Amino acid sequence: MKTSFDPGRRNFLKAGAAAGGGLIIGFYLPGAARFAEAAAAPVKLNSFLTIGADDKVTFFCGQAEMGQGAHNALAMMIAEELEVDLKDVRVEQGGIDAAFGNPRYVGFKAVGGAQATGGSSSVRNVGVPVRRAGAAARTMLIGAGAEKMKVSRQECVADKGWVIHRPSGKKVSYGAVAAEAAKMTPPPEAELKLKAPAEFKIIGKATKRQDIPLKVNGKAIYGLDVKRPGLLTAVVARSPVLGGKVKGFNADGAMKVKGVKKVVQISSGVAVAADGFWAAKKGRDALEVDWDEGAMAQVSSPDMYKSWAELAKGGGAAERLKTGDVDKALAGGAKRVEAIYEVPFLAHACMEPMNATAHFKGDAVEIWAPTQGQSWNQHWVSQATGLKPEAITIHTTYLGGGFGRRLESDFVVEAVETSRAAGNVPVKVIWTREDDMQHSPYRPASHNVLTAVLDANGMPVAWRHRVVGASILKYFKTFAHLLRADGLDPTSVQGAGDYFPYDIPNVHVDYINNNPGVPSGFWRSVGNSQNGFILESFVDELAHAADKDPYQYRRQLLAKPLAVRLLAVLDLAADKAGWGKPLPAGVNRGIAAHFAYGSYCAQVAEVSVAKDGTVKVHRVVAAIDPGWVVNPEMMAAQTESGLIYGLTAALYGEITVKNGRVEQSNFNDYKMLRIDETPKVEVHILQGQGEQGGAGEPGTPPIAPAVTNAIFAATGKRVRKLPINRELLRA
């Protein structure tokens, strides 16, 4: 069902009649409202919430569902305020529309709005407007029900999809009065009363996810499942060297493969389109392409790290955080501690490989894609084709994992270009696992130099951290305006200088932006993923240099008011893990804490190291304070997921480059954590106060330092470079 409203510039809720006599509530998200105010004409809304004459409630969601449970959480919030059972709320993926603009990305109107899913923002940014829509609908339905029963509305309540007259017990269903409710004016926002937490019946409960049965029985439609009449399947030959270009190609061999229909050049390479994937793959294998390999052909990973180490010794750094007089403080002190940390490029390794289906029709294009960034796809497809944004339709499918990879538009633009070049036929472009592993935007690598001095009591009085490495914003052009003129990329120092919880009087964090050409992109928890490891490892080093317990040392340093909630999760994790109590022989503990995306998370890892250097993580205890929680089961699942994702990277994750070519290709040489390697995980949720925090990303940063700090406790060997090198730990 789709309709539109013209709500005017400042009306954020609008009611209308649905087909068949139901009620539609349309509303703006706050970010979209600011778009509307800035726009020359009012923005038209899709219908977001409908209550049908058949009592069915449908919520049209602009957020992508990639396994994080956003659809279910938002449905819970609708059901709570609307007073219906959760099972009666159906979530339907909304199309592309500025009205779905995520408030987190409101600043990106230059590229046509920002309907996108990322940054652990779906529930915490969209949830409250969704609740308001539910509350407005409930208010209108109660009014219409009272009129139908000819009773006072003050004597009526809503419960499980019914309007009930309390004195008489008479009741009417929502569906029976939805059409009359549609004729009413929504209550002003100022008069809308959202439920207090004490009144919640659904929010805060562990409910079963509605999308799981679809995914178990195979009815969920992912990008790879999309079918269209006359569909061709294409694979693309891309330069083996990062940044290389096509000089020329010979398609004769490819065209001899049975099933191959077209071989066409597109901006990223040469696409082979066939009547199925296997034929397209065989055709690509038979294709002859002459590549201009470009400057990256001379670049290898050791050279990059060596050049970053040299750069770190010089000037030209962009300042991120400076308090006190670090130079003066570093000249004194009782003990000096220095360390160099390095983190590698990382792939996203989504379970569903990149893919998109497009049908270019001359004056318009229709796209089906598992995407996190509908608005940015619309923009970049417009740039590639010259089509106006309104001529570009995007259908969002389920995503088989995102982790930031599907914020990119490369796979979507390829599908559109191939469809166009192949003669305006529908085409599905499928990347192989190797394609994605070797041609992806990667989590940036960095070289980090840290120095601290301790006073006579072993407490730090000065902290200096210089970050040298790759920048996401140099490659993610949609956010290029966030790259400072002095080269500072805020995403690269995220978690190192934007929130510094420790009470140290003199702190200096700066950054040197340098990358010879390895494409870089957003990865789960972004800069926090590497800087959480570095910061929490170095604090651990200071604790040991001071001959103090790492947990108690952190407690002493978390004295700032801004660190109160981080201290609380640190204490909770330590308590639940039994910090200080005996462990089985050979098992040692490490602890770490980090703030990311509005949530505070601490973890204690129990680890043993075998004589051959093999690391076994036996148990992880996590404590997280995300503010108030919609679904504690989903919150725990997201924390577990982030933790496992981070542990996989710490143990195995590394993308290396040799002569411009990515050396890893598939799960055989870019390992994932297996079930038998996965530790026992406990998650303890601390229901905090204040704004709602994120769920998907805060669990990732603390796990690497918790594990490596435990390794130090076990072996006395400090891991300063990821992934963890088994050879260095060999006894």
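**Exercise 1.** How many aromatic pairs does a search of the whole structure find?

*Solution.* The model is predicted: local features need pLDDT of at least 70, side-chain atom pairs count only at pLDDT 80 or more, and totals for chains, interfaces and linings use all residues. Residues are numbered from 1 along each chain as its sequence is written, and side-chain values use heavy atoms, with hydrogens and water left out.

Step 1. Apply the criterion: rings of Phe, Tyr and Trp (its six-membered ring) pair if their centres lie within 6.5 Å; planes under 30 degrees apart count as stacked, over 60 as edge-to-face and the rest as tilted.

Step 2. The search of the whole structure returns 19 aromatic pairs.

Step 3. One of them joins W463 and F500, which are edge-to-face, with 5.3 Å from centre to centre and 70 degrees between the planes. This pair connects distant parts of the chain, 37 residues apart: W463 belongs to strand β21 (residues 460-469), while F500 is in the loop between β21 and β22 (506-513). Helices (H or I, at least four residues) and strands (E, at least two) are DSSP runs, numbered from the N terminus.

Step 4. Determine the exposure of both partners. W463 is buried because its relative accessible area is 1%, and F500 is buried at 6%. Buried means under 20% relative accessible area, exposed over 50%, and partly exposed in between (1.4 Å probe, protein chains only).

**Exercise 2.** Identify the members of an aromatic cluster and the charges placed over rings.

*Solution.* Step 1. W376, F476, F479 and F522 make up one aromatic cluster.

Step 1. A charge sits over a ring if NZ of Lys or CZ of Arg is within 6 Å of the ring centre and within 35 degrees of the ring normal.

Step 2. R405 lies over the face of W431, 5.3 Å from the ring centre. Over the ring of W523 sits the charged end of R443, at 5.4 Å from its centre.

**Exercise 3.** Which peptide bond is cis, and is E83 buried or exposed?

*Solution.* Step 1. The bond from L722 to P723 is cis, its omega being near 0 degrees. P723 is located in the loop between α17 (703-715) and α18 (726-729).

Step 1. E83 is not a glycine, yet has a positive phi of about 65 degrees; its loop runs between α2 (70-82) and β5 (89-93). With a relative accessible area of 10%, E83 is buried.

Step 2. D547, also not a glycine, has a positive phi of about 60 degrees and lies in the loop between α13 (528-545) and α14 (550-557). D547 is exposed, since its relative accessible area is 72%.
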